[in-house]
Amino acid sequence: MQIGRALALAAALAACSRGGGAEDRGQPRILEAAPAPAPFDWSQPASALAMDGDEAARRIGSLEIQATISWSVGRGPESQRLRMAERHVVRQLAGGDFHALSELDPGAWHGAETGREVVFAGGATFARSRWSPFRERPADRGAEARRRRDESFRLAGDLATLYGPALRVDPGGEGAVLGRAARRFALSLLRGAAMPAPPPPPAALPPSGYDEDTRRRLDFLEGRVPLALAGEMALDAGSGVPLLVRMKGVLGERGDPELRAEFELEARVAAVGAAVGPVAAPRALPDERKPRGVARALEQAGLRRRGEAKGEEPRDEADAEAE
């Protein structure tokens with residue numbers, strides 16, 4: 001395997017989430033007013049890892065999670081290994097507002113994502129990449145913000161999805177996390193489990209097929225082979241919300257027996273209830289992905305029309321035509 005392919009696999013692994021959320025109408029959703037969730041099904045403890053931020057807040061109230069995950073990808077024992085470390089923090093309020101931060105390192109290659117920050121407050125979305133100022137996102141009424149949030153919130157759930165039926169969960173007794181009663185479970189690899197068949201390609205796929213980068217990702221995601229897993233999780237005894245998850249494992253690829261993707265995750269609830277900090281709309285630039293005409297572009301370049309007074313707002317071409 002070429003280094004470029006391993007790099008693509010590392011990027012695919014770091015972005016394998018499929019989070020999401022329901023559309024709203026631009027108004028803050030009051031989660032306490034939503035119907036109470038059904039009691040947690042303790043016969044299916046692994047289902048706790050699929051909870052999104054909204055469901056967790058409905059069950060336990062406001063919470064903050066902190067997670068770190070490291071990846072190492074290589075081919076063969078003597079190959080150069082590619083490494084990536086991620087840090088995620090999600091502060092989810094019971095009223096529906098949230099703040100999600102992700103940081104990816106090293107993120108040094110061309111086109112690499114280095115992280116993002118998303119705030120949903122008062123029914124409005126604000127977002128920025130790691131090194132940029134916040135901007136308003138008026139077109140997003142919360143759906144995209146929740147998808148980004150859950151890419152961080154459900155890290156353990158996405159790993160569980162990669163293992164599928166090969167994830168084994170065994171009761172591990174009782175304990176306490178953050179002073180809350182918890183049920184503990186051991187996580188391990190179920191040997192001999194059959195992985196699901198890959199989905200058929202989309203009907204709209206062009207005759208030339210997938211591009212090279214997409215094909216590399218699909219080779220791994222569709223042909224992944226769970227090779228090792230060890231870990232634990234502690235679920236809140238009253239709600240089933242994951243309070244602590246640790247996972248360490250190895251994944252291979254059916255079509256490339258020498259490939260090894262190793263990871264180590266720790267995700268924990270750092271605060272619950274009144275101990276969770278507030279979420280407020282940040283100072284943000286307006287969303288100007290569609291500039292308002294030639295005059296605006298000239299102003300941004302430091303140029304003004306002849307005859308315009310200093311400090312006067314330049315008029316757009318459309319404004320002049322309307323007059």
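Over how many bridges do S2 and strand S3 pair, and in which sense, parallel or antiparallel? S2 and strand S3 (residues 98-105) pair over 8 bridges, in the antiparallel sense. Strands here (E, at least two residues) and helices (H or I, at least four) are DSSP runs numbered from the N terminus, and two strands pair if DSSP finds at least two bridges between them.

Before going further, the source of what I show. This is a predicted model, in which local features need pLDDT of at least 70 and side-chain atom pairs count only at pLDDT 80 or more, while totals for chains, interfaces and linings use all residues. Residues are numbered from 1 along each chain as its sequence is written, and side-chain values use heavy atoms, with hydrogens and water left out.

The protein has 7 helices and 11 strands. Of its 323 residues, 42% count as buried; buried means under 20% relative accessible area, exposed over 50%, and partly exposed in between, with a 1.4 Å probe and protein chains only.

Now the sheet. The 11 strands form an open sheet with antiparallel pairing, in the order S6-S5-S4-S3-S2-S1-S11-S10-S9-S8-S7. At the edges are strand S6 (135-136) and strand S7 (167-177), each of which pairs on one side only.

Back to S2. Across from Val89 stands Leu101 in S3. The hairpin of S2 and S3 has 5 residues between the strands, and Gly96 in that turn has a positive phi of about 115°. S2 also runs antiparallel to S1, joined by 11 bridges, and Leu82 in S2 is the bridge partner of Val73. That hairpin, S1 with S2, has 6 residues between its strands, and Gly76 takes a positive phi near 85° there. S2 is mostly covered, with 8 of its 11 residues buried.

S1 also pairs with S11, antiparallel and over 13 bridges. Trp71 stands opposite Phe263 in S11.

What packs on this sheet? Helix H4 does, touching S1, strand S2 (82-92), S7, strand S8 (180-189), strand S9 (224-236), S10 and S11. Contact means heavy atoms within 4.5 Å. The direction of H4 makes about 40° with that of S10; axes are lines fitted to C-alpha atoms, for helices over the stretch in contact, and angles run from 0 to 180 degrees between N-to-C directions.

Gly164 is partly exposed, at a relative accessible area of 28%.

Helix H3 is largely enclosed by the rest of the structure, because 8 of its 11 residues are buried. Among them are Arg146, Arg149, Asp150 and Glu151.

How many cavities of 30 Å³ or more does a search of the whole structure find? The search finds 3. A cavity is a set of points, on a 1 Å grid over the protein atoms alone, where a 1.4 Å probe fits but cannot get out; lining residues have an atom within 4 Å of a point. Grid points are joined across faces, edges and corners, and a volume is the space filled by probe spheres set on the points.

The largest cavity has a volume of about 190 Å³. Of its 20 lining residues, Ile65, Phe153, Pro242, Val245 and Ala267 are the closest to its centre. S10 gives the largest share of the lining, 4 residues.

Note on methods. 1 Å grid on protein atoms, 1.4 Å probe; cavity = no way out; pocket = protein on both sides within 12 Å on 5 of 7 lines; lining within 4 Å.
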